[in-house]
Amino acid sequence: MKILVVEDELNLATFLKRGLEEAGHVAEIALDSKTSKVLVATGKFDLLVLDVMLPDGNGFQLCKDFKFLHPKLPIIMLTSLGATNDKVTGLDSGADDYLVKPFQFSELLARIRVIERRNESGLKPVILEVYDLKLDTDSKIVTRGGHPIALTAREFKLLQVFLENKNKVLSRLEIAEKVWDINFDTGTNVVDVYINYLRNKIDKEFKLKLIQTVVGMGYVLRTE
Ligand code: CA
């Protein structure tokens, strides 16, 4: 990514630029808001790292201005330690994310990766579907036959795992690992309990049953 670091502390700005370049990005520095406006106007940057305290202006206002002129330009704000209001103001001013100083550089890289991934998916919602069932991984909305179905977070995750593994028989252990991130003692029936909850919501009132039991092996969502 081409990243503009707007930061008046030269040492920090230089450190950030070097780190970003080592991570494979292209980085430039603007030491004040006036310079940053000139550079952003070139349209060559994919991301801004923007400090709040600048010698010739307030980063929040600058963020607002940039978001007005370039709504799609992602901005990560650097706020001051412990200033909770800064976080709120930062997000209110349209920032995509914020980091509280002092921060670990690896944390900044992680936030940048999140924004990169978001860009790659083009902000498009990811819809998983089978027959008349749809699951939107972004909005977390599930519908069957166009009617919304209210699921708990766990049921949602369970359904998502089935949709990502269509026609694959999943053992209880696999399901437990994917949905709960842990290994269950073999004695527990929590998976069966949740499958039952889910069936009651997505299958019970429909003629075509999506989740099927494979005796002695587990469960499968069949599409054929
Ligand atoms: Ca500053």
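The points below cover the ground rules, the calcium site, a lysine and a helix.

1. This is a predicted model, where local features need pLDDT of at least 70, side-chain atom pairs count only at pLDDT 80 or more, and totals for chains, interfaces and linings use all residues. Residues are numbered from 1 along each chain as its sequence is written, and side-chain values use heavy atoms, with hydrogens and water left out.

2. The calcium ion is coordinated by Asp8 (OD), Asp51 (OD) and Met53 (O) at 2.0 to 2.4 Å. Donors are N, O and S atoms within 2.8 Å of the metal (3.2 Å for Na, K and Ca), and water is not among the atoms, so sites may look incomplete. Along the chain, the spacing of the donors is D-x42-D-x1-M.

3. Asp8 is partly exposed at 30% relative accessible area, while Asp51 is buried at 3%. Buried means under 20% relative accessible area, exposed over 50%, and partly exposed in between (1.4 Å probe, protein chains only).

4. Lys67 sits in helix 3 (residues 59-69); helices are DSSP runs of H or I with at least four residues, numbered from the N terminus. Lys67 is buried, with a relative accessible area of 16%. Beyond its neighbours within four places in sequence, Lys67 is in contact (heavy atoms within 4.5 Å) with Leu73, Pro74, Ile75, Ser93, Gly94 and Asp96.

5. The buried residues of helix 6 (residues 153-164) include Phe156, Leu159 and Phe162.

Key
Helices (H or I, at least four residues) and strands (E, at least two) are DSSP runs, numbered from the N terminus. The expected span of a helix is 1.5 Å times one less than its number of residues.
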